[in-house]
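Here are my notes on this model. Please keep the sequence and the structure open while you read.

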Amino acid sequence: MIFKVSALCCPKINSYLPGILKQSLKVFLICAVTIFFLSNQTAFAQRDTTITLKVLGGLQFDLPRFAVRPNTKVTVILDNHDDMAHNVVFTKPNSRLKVVDEALKLGDKGAKMDYVPNSPLILAHTKILEPGRTESISFLIENEGIYPYVCTYPGHGYVMYGAMYATTKALPPLEKDLNVPEGQRLGTPNMADHSGHHMAPASPHPYPLEYPLLYRTFMPDCGPAAIAVALNPNESYCFDAGKCYLRYAWSGGFVDNTDHWKGNGNKLAKIVGSVYWKDETGFPFKAGKNQKIPTVHFKGYHLTKRLPAFRYMLDEISVSETVKLSAKGNGIIREFTFKNNPDVLFFTTGNPAGIKFTFSTGKYKNGVLEIPAGTARLTITSTRI
Amino acid sequence: MTMKILKLLSVAFLFWQVPEAKALAPKDSAATYYEVENIPLPDGLIAETGAIGFMPDGRFVACFHRGEVMMYSPKTKKWKRFAEGLHDPLGVLVVNNHEILVMQRPELTRITDTDGDGEADDYQTVTDDFGLSGNYHEFAFGPIADKQGNLYISLNLASNGAGIRPEIRGKYDSLSRPGRMYSCVPYRGWVMKLGKDGKLKPFAVGFRSPNGLGFDAEGKLYVSDNQGDWLGTSKLFHVEEGKFYGHPAGLIWKEDFPRVVPITLPVAKLDSMRTKESIQFPHGYFANSPTQPVLDNTGGKFGPFSGQMLIGDMDHKYVIRLLMEEVDGAMQGACVPLSFGAKMRIGNNRLVFAPDGSLWVGQNDHGWAGARGIQRISWKGQTPLDVMAMNLTPKGFDLTFTLPVDKETALELANYKFRRFYYEYHQAYGSKQFDVQDVAVKSVVLSPDGKKVSLELAEMKPGYVYELKAGDITSENGNKSLINRLLCYSLNRLKK
């Protein structure tokens, strides 16, 4: 106990002491140790703590680290909500990799042993938990230290781990904590910080970002086949490549894919900036006098100077749609071309607040544009007012 | 000249005088036969490799997790962007020097550089005629083309580790939602065939996470799948039209399948419906997550295994060689590691042979243990001592070696340690090894040419994996050791 405390106190006291006092360091230390030891009587009385460790996708525990006080009975509930099987093994300080290697060496015996080797380096462990299962384990942590925890399922141990600190002190900054997996330690720069500024975000690719710029990604308020397009670093829109229509537009930035690219891909891309227009009326086209809702098929897009022109079918009608920024920058222009449209088409804009629509052709009434049969080109300009 | 002879003589003398001197000679190892080279990567690339290929002009093409398609010239060693903005591209098929097909999450896309500036400008949707619930686990793989020009892709099941999105693509059916992995939109859990008429049709069902499709030399389609629910261990299937391969969730999209929750069917019933895998990869110590099967079509430029298939694995520093044969009308066989030495990394997600016969490997560590980057493996020209073929006989196995073997070590019974076990087909995640038993080798006979041993085993039982741990068998002249010694034969059917 005394050795432990002095080992921990020495460097700290040493660095705080003025040089002249260092000669009497020994005396000082003994005092310090005594005071520390006495104070322990109350501060280190055994306590109970329960920690729930959830398994996130992408081989991560939700807690990359946590702290308990020394002399604690720790109860850990492992909650495996992943789609893979996992365990958690708590090891002695600095023993994670050794235990992971020992687990791998179990070879074909591993499965029967829950991939937990017979090792004096292990403090406690759960069984292998199938997806959806939980298990609770308890153990006593007496001494101060950094106790790794790790999933020893084959292949997981090198990435799926964390650190339990037994300490009364503040933890080191997360980003500098080498006991935490790199992904959870470093995170990635948050592009959202740049919103509203004209500074282009750092490129997440092996080339500089150029605009217009496009990502197929998971977007909020859109089907799963979404395309996010930035016309410039500040003006963006979302096209639904499943339902084939423009869903919304926003100002102030583009998207932050950090969370979507990280982990298992479940998270959506984040919109950077604020949405100023959203289609609230649903799929806009109706075909023929009977106003039939056409069957749509997405056909792809062509880039001209990086600007996409989307192609899709409305029944037998070929449509291309290009979204551009208006000359004043206060709205967007949607340029349509149609082929094989012998009947009238209807396009519903609705009456969204703060947007004024103008049209190159057709009759516009009550939020619906009637597009004459055979129209080859149509421009719809929506201006923010 | 005289000096040379003297030198040789003195070396020979040393070896003759000191029997242990053999041990002092550099140990025969995989690195003697293969060279592993790291391909330099461009700054700023997160090299989570989803797909790789070669253009007819020799450029290497690779797709990465953040949607980039990059071209690398092995001559100039320069990288250049070809396309961008894709959603988790996990497969590529090269069409010509300006055009590729890429499988991304939402669709199969034809990506073309129409103006010849080296960058793609047209992204044509070839097919998106399958469902997307927005569940993260709905990855899509392929395409590969058969000799007639039909394309094949495979569609992952969704995971109950996450839900689905408020808006989905395709018809929703909740019937298979109970269970770990589910198929709530068509045709999740299927291998699909895209005919030349452009229509995407369901081809075979019963897959969970089929991260790899490939054809063998005869045009048989093989698809890998990952250990999990209904997969006691990872497997490779020989996939034929209309068949069911074991994971029940996708069955709900099969025509005439009754309206029942698939996992409520008796396991025995499902078991009787399924077509068994050709190869099982024992979980953990052999493979954790097998990836893409490729045919060694190099005509010998990559060593002695031309005509055989290789497959990668996410967690092992080797690729796996597949030794398949037809037994009683079905394909089955053995898997054996093919080691390349210590420089090889893990995370071997994608494999492709270069025009020069070298093997390029694209590595990935996304959400899984692995590594990032690209490695090139080339054969140095010497033949290693390895098992060329493992063939079932009525009473045991024949092992054919790449080289004549040393009679003494080859005839030593202790050099062939067999175990057998089986993995259970059940709903639970993975399976332990059941009924594990050592199987005695009763006799070993060496062929007159010294290249084949015939092993007679105490018992041959169908439905088991026969695992062979070979000992230190050496080549005829004693200077080469058997390098890859773990072989696992999936004995589905006996040889009659």
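Which residue in β7(B) is the bridge partner of L93(B)? Find the pair first, then work through the points.

1. The partner of L93(B) is L101(B), which sits in β7(B). Keep in mind that this is a predicted model. The two strands here are β6(B) and β7(B), the latter covering residues 99-104 of chain B. They pair antiparallel, over 5 bridges. Strands of a sheet pair through backbone hydrogen bonds, either parallel or antiparallel.

2. **The sheet around it.** This pair belongs to an open sheet of 10 strands. Trace the order: β23(A)-β26(A)-β21(A)-β20(A)-β19(A)-β18(A)-β9(B)-β8(B)-β7(B)-β6(B). The pairing is antiparallel. At the edges stand β23 (355-359) of chain A and β6 (91-96) of chain B. Each has a single partner strand, so one side of each is left without a neighbour in the sheet. On average, neighbouring strands of this sheet are turned by 20 degrees against each other, direction ignored.

3. **Where the chains join.** Look at β18 of chain A, residues 296-304. This strand runs antiparallel to β9(B), and 3 bridges join the two. Within this pairing, Y301(A) stands opposite Y123(B) of β9(B).

4. **The contact between the chains.** Chain B puts 55 residues into the contact, and chain A puts in 46 residues. On the chain B side, the elements that give two or more residues are β5 (78-83), β8 (107-112) and β9 (122-127). β9(B) gives the most, with 4 residues. What is the make-up of the chain B side by residue type? It divides into 19 nonpolar, 20 polar and 16 charged residues.

5. **The largest core.** In soluble globular proteins, nonpolar side chains tend to be buried together. Here the largest nonpolar core has 174 residues. Among those that touch the most other members are A228(A), W190(B) and I320(B). Strand β22 of chain B, residues 318-327, gives the most to this core, with 6 residues.

6. Leave aside the neighbours of A228(A) within four places in sequence. The contacts of A228(A) then include L214(A), M219(A), F254(A) and A269(A). A second, separate core has 39 residues, including F61(A), Y147(A) and I346(B).

7. **An annotated stretch.** An unreviewed UniProt entry places the feature "domain: Blue (type 1) copper" at residues 57-163 of chain A. In the model, this span is 9% helix and 36% strand. Its end C-alpha atoms lie 19 Å apart.

Methods. Residues numbered from 1 in each chain as written. Chains lettered and ligands numbered in written order. Predicted model: local features only at pLDDT ≥ 70, side-chain atom pairs only at ≥ 80, totals over all residues. Contact = placed C-beta atoms within 7 Å. Nonpolar A, V, L, I, M, F, W, Y, C, P; charged D, E, K, R; others polar. Pairing = 2+ DSSP bridges. Core = buried A, V, L, I, M, F, W, Y, C linked by C-beta atoms within 7 Å. Buried ≥ 20, exposed ≤ 12 C-beta atoms within 10 Å, placed from the backbone. UniProt positions renumbered as here; feature names shortened; annotations may be inferred. Axes fitted to C-alpha atoms, helices over the stretch in contact; angles between N-to-C directions.
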